[in-house]
Structure formats: C-alpha cells, structure tokens
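Please keep the sequence and the coordinates at hand while reading.

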Amino acid sequence: MTVRTRIAPSPTGDPHLGTAYVALFNYCFARRHGGQFILRIEDTDQERSNRRSEEMILESLRWLGLHWDEGPDVGGPHGPYRQSERAPIYREHVALLLEAGHAFRCFCTPERLEALRQQQRAQNLPLGYDGHCLAIPVDEAERRAAAGEPFVVRMKVPRSGECVVHDCLRGDIVFDYAQVDMQVLLKADGLPTYHLANVVDDHLMGITHIIRGEEWIPSAPKHLLLYSYFGWTAPELCHLPLLRNPDRSKLSKRKNPTSLRFFQRMGYLPEAMLNFLGLMAWSMPDGEEKFTLEEMVRNFDLQRISLGGPVFDMTKLSWLNGRWIRENLDVEEFARRVQAWALNRDYLMAIAPLTQQRVERLSDLGPLTAFFFSGLLDPTPESLVAGKLDAAQIRSAFDAMLARIDAMTVWNRDTVEAELRGVADELGLKLRDMLKPLYVAITGRPAGVPLFDAMAILGKDISRARIRQAREALEAA
RNA sequence: GUCCCCAUCGUCUAACGGUCAGGACACCAGGCUUUCAAUCUGGGAACCCGGGUUCGACUCCCGGUGGGGGCACCA
C-alpha cells in the first residue's frame, strides 16, 4: 500500500501559516515513505469560499516549494479535487447512508436549533441535537422532502457505548457516543459538511494517513463512525499540536500576522520558512536546527513530534532566515532574490507615478520610498501622537481600522479609501485628523507619497501589521 | 458549563528509569572588527504540584493545578 497524504485547505481567506505547517508534515511523511501528497480544496461553504483565496493558497504553497502530486491545478486520477465539483458524489453517498438507516432527514429550523442550544446552555447540559426528527417515519420524511420542504441530513449516532479513536501520537482516545453530536452531513443547500466530504473524499482518493491539526480530535469519532457505516477501513489518524500566539492561544490573525503573504512581503526566504515550520513540534534526530526540505524528508519520523503547542516566535525565524541568507546564497543569488522580492519592474512601476512629482533629484527617492522596501517600522509613540487626536483616540481608531481591514477581501486604492472614510464616520472623526497618525504608522514619516496608494501597493498584510504595531506602541506608552 | 488534548529554561526543543537535565533563539558580559552586523568565548535561566510504582524517576500510574482545543446547515 503506498502512502498517500493530503492537505485540504478551505479557500476562505488569506493563505494561513497553519496550512503551510500541516502541509509540510503531510508532505514529508508522504515523501519519506515514497508516497504521494495530494492537494484538495474544501470549498463546500458557498458563503465564504472564493476563487481568489484558492489561487493565493496555491500560490503560497508553490512559493514554499511544497509540490503536490494531485490537485485542482494539476489534475490526477481521483479528481475533481475541488469539493464544490463533487456534489453528486456526496449525494450518492448520503443516499447510501439514508437507505441503510445510518442517517436521517432533519426538518428543524435554524431557529428551533438555536433555541435548543440556548436552553441547553442555560441548563448547563451538553450541547447537541436532541433527536427531534428521528421520530419522523421514513416515508413521511421522504414525502415532505419530495414536497420541497427544506431539510438537512444528519448522521445517526449510538446513544450509548464508547468510541476509541487511535491517534498515532497519543494512542487510544476514548469518547462516549452519548457526547457525540448527530452531525449534519448534508446541508440544506445540497452540499456536504466537512465531516461527510472529508470522509468520502479521503476514502475515494485513497488517503492512508490523515495528518491534521489537533482541533479535529473531538470530531474524529464522527468520522470513524462514518467509515464504519460505509464499510470502509479508516486511515491512520495523526493530530498535530496547534501553532500558538505568544499568549499560547491558537495562532490567529487577530493577534499576529498569519498570512503567508505577509512573510513573503517581509522578505523571509521560502527555505527558511519551511525550515522554521519544521522546528515547530519537530526536531532533527541530531538536533541540527538548520535543514533543507530534502533533509527533513530524509529524516522524517512522526514519532519525533512533541505534543506541546509551539509558540511561533518570529524573532527566531528572523535569526534562521539570516542564516539562510548568509550561508546559502552567493552574492549573485542574493541580489537576484532582492530583485525578485521588491526591486522588480512591476513594483517599481507602481511606485514611480507616486514619486515623480515629489522629487527634485533622483536621490530623493531613497528617503521618500524607504517604507516600500521595509517590513515593520517600529514608530515611536511621540511620532504617532503628533496630530490633533490624543493617544486613546488614535488607539480606538487603529482598532476600528484593523477590524475593517480584517474583513476586506478586495484590496486596492479605492476600497482602502472607502473603508477608512467609513472608520472616520463611525468614530465621528475628521478623516484628515485620523489619517495623520495612520500615515506615520504606514510610512514611518509625517508626509510623503499619497497614503491610500501606498497602502494599496504595500498590500493588506504589511499594512495591517504596521497598524497593529503602531497600536501596540501606543499601548506601551 | 461540558468533552477531549497537553505540560522541561521567557521561547523552540533534546532526554524515551540511572545525565552535573543537553542544544538553539532571546538576554547579559567580554574578545575580534575603522562603524555596524556577522563571528567567537563566558554567564544567568527549566523538569507545574502532590501521591504512588521502583534499588532508582523529568521519564511509568493516579489525582490536582495550569494551558489549549472542540461543542454550527464553518472548515
């Protein structure tokens, strides 16, 4: 049996560091055992999934050099590799479960379910479906469904007994079935939920080892139950510890930069990123900290994973990145990397129109545009509070901006302007007053090229990180 | 609240019953260097607590505490 692993990102936002981390381990495990590594897009959430996000995720994983053997872009014998294109497959499988009595139609309204949850919460009961629609006779359920009444399909779960989940790192984990929810498998829109799609696809795609984040442990019993309902052998399960923020909570974009694009814009090398991710929860047998992807593959062993959730420490990443720059690039290659990073024609052409009118000598360009070629700026509190607003006002303005920026999917001059005007209105501030500290946060100086254009060019990730850093500078003051 | 997972320097980790608990980042002090880096040398810094098991526990078991995650028609 050849080993097959997969990374299955959901295209609902920026390419996440955690995706790269899990992908790396899946990649290494598959390669180490001469197997295949598959990329599958989990876009069953019609509301949140979007193509742009999918493109960015693929782009970032390619940038890192984690090549997949099968995927939506390269195809393969088990396609399609995009779940939204597999709807008929899931419906067939749901029909199988329904027929075998392993699943049932549920006509409960979202309102009823919400009320149920509230009641359970109030009484400190475990949350979960109460089995209301289990009582509906099958022929009646079929009639109502045929008549066009909206419904979902839920899986049946034994009301007693226990389920043993074998995790290859933790050993056996025991759950009472009583605490496993009767999960929705097929949503009212006809698309499957993660739980169903994931099981069906992993089986059909021949996945032998599921290496995923620890957050999935609690739903493993549902997955195992589904495998047994279908009469399939379940893959090996291996749950990786979650990457953490410095405060030890699960790594999140609210607290830290998590977008792979951010790290790219910051000037980290893909080799160093991968190397550092390989240092998260894993170590080389000889303790060596600097290694290539190939070396990691050659030495990879799941048993060397440590289970405490690692804090992602950007300072150490920077040190490692420095080593890669110094030790692995000759001057020629270093120059090429820099050029590809920001001294390329596209980037310069975006900046040129903003600067031409503002220089008297070409040499004025340096100070005027330094912030375009920088990472984080580390502004002082004094420089930020130079305008009409006081520190507290600026802080809340920054908070409001960050909230809006997080929600933005389209990033350009006009959308940035619109959102920032929105923030000023929301806070009852004059745009001009609010923009002054923002200008310093983004460019590090009191004046220069137009702000909205600068933010558009810098991109969402760096812009957001600079605002967050400025906000923190004021906090400390 | 409830279920589950986890627990070594501030951080990433090594150790898989017998080590003065090792390395790395960061920090501090020196050396080298025209500056700054880089680099070299040195330093401080950890086995969460309490019970067992054992001749012997960081290592195994139990309890506590602490941290984290899950509890959606999101993944």
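The structure, which is a predicted model, holds zero disulfides. Cys106 is accordingly in no disulfide, and the nearest cysteine sulfur to that residue belongs to Cys108, at 3.7 Å. Cys106 is buried, with a relative accessible area of 2%.

Cys168 is likewise in no disulfide, and here the nearest cysteine sulfur is that of Cys238, which lies 3.2 Å away. Where Cys106 is buried, Cys168 counts as partly exposed, at 21% relative accessibility.

## Arg4 in strand 1

Arg4 is placed in strand 1, which covers residues 4-7. Is this arginine, Arg4, buried or exposed? With a relative accessible area of 7%, Arg4 is buried, because the cut-off for that class is under 20%.

The side chain of Arg4 makes a polar contact of 2.8 Å with the side chain of Gln36. Gln36 is also one of the residues that Arg4 touches when those up to four places away in sequence are not counted, and the list continues with Ile38, Glu70, His78, Met205, Gly206, Ile207, Thr208 and His209.

## Lys156 in a loop

Lys156 is found in the loop between strand 4 (152-155) and strand 5 (162-167), and at 31% relative accessibility this lysine counts as partly exposed. A polar atom of the Lys156 side chain lies 3.1 Å from the backbone oxygen of Gly101.

Leaving aside neighbours within four places in sequence, Lys156 is in contact with Gly101, His102, Ala103 and Phe104, and also with Leu134, Leu225 and Tyr229. As for Asn124, which is 32 residues from Lys156 along the chain, the C-alpha atoms of the two residues are separated by 23 Å.

Most residues other than glycine have a negative phi, and most peptide bonds are trans. Against that background, the peptide bond from Gly79 to Pro80 is cis, with omega near -5 degrees, and Pro80 itself is placed in the loop between helix 2 (51-64) and helix 3 (87-99).

Arg248, although not a glycine, has a positive phi of about 80 degrees, and its place is in the loop between strand 9 (236-240) and helix 8 (260-265). Asp378 also has a positive phi, near 55 degrees, in a residue other than glycine. Asp378 lies in the loop between helix 14 (365-369) and helix 15 (381-384), where, at 61% relative accessibility, Asp378 counts as exposed.

## Helix 13 against helix 19

From helix 13, the residues Tyr347, Ala350, Ile351 and Leu354 meet Asp453, Ala454, Ile457 and Leu458 in helix 19. Sorted by class, this contact has seven nonpolar residues, no polar residues and one charged residue.

Phe452 lies in helix 19 and is buried, with a relative accessible area of 11%. Leaving aside neighbours within four places in sequence, Phe452 is in contact with Arg413, Val416, Glu417, Leu420 and Leu435. The C-alpha atoms of Phe452 and Thr415, which are 37 residues apart along the chain, are separated by 9.1 Å.

Asp414 lies in helix 17 (residues 413-427) and, in contrast to the buried Phe452, is exposed, with a relative accessible area of 52%. A polar contact of 3.4 Å joins the side chain of Asp414 to that of Arg413. Asp414 and Ala456 are 42 residues apart in sequence, yet from C-alpha to C-alpha they are 8.7 Å apart in space.

Technical notes:
Residues are numbered from 1 along each chain as its sequence is written. Chains are lettered from A and ligands numbered from 1 in the order in which they are written. This is a predicted model: local features need pLDDT of at least 70, side-chain atom pairs count only at pLDDT 80 or more; totals for chains, interfaces and linings use all residues. Side-chain values use heavy atoms; hydrogens and water are left out. Contact means heavy atoms within 4.5 Å. Helices (H or I, at least four residues) and strands (E, at least two) are DSSP runs, numbered from the N terminus. Ala, Val, Leu, Ile, Met, Phe, Trp, Tyr, Cys and Pro count as nonpolar, Asp, Glu, Lys and Arg as charged, and the others, Gly among them, as polar. A disulfide is a pair of cysteine sulfur atoms within 2.5 Å. Buried means under 20% relative accessible area, exposed over 50%, partly exposed in between (1.4 Å probe, protein chains only). A polar contact is a pair of N or O atoms within 3.5 Å; within protein, one must be able to donate a hydrogen and the other to accept it, and residues adjacent in sequence count only if both atoms are side-chain atoms.
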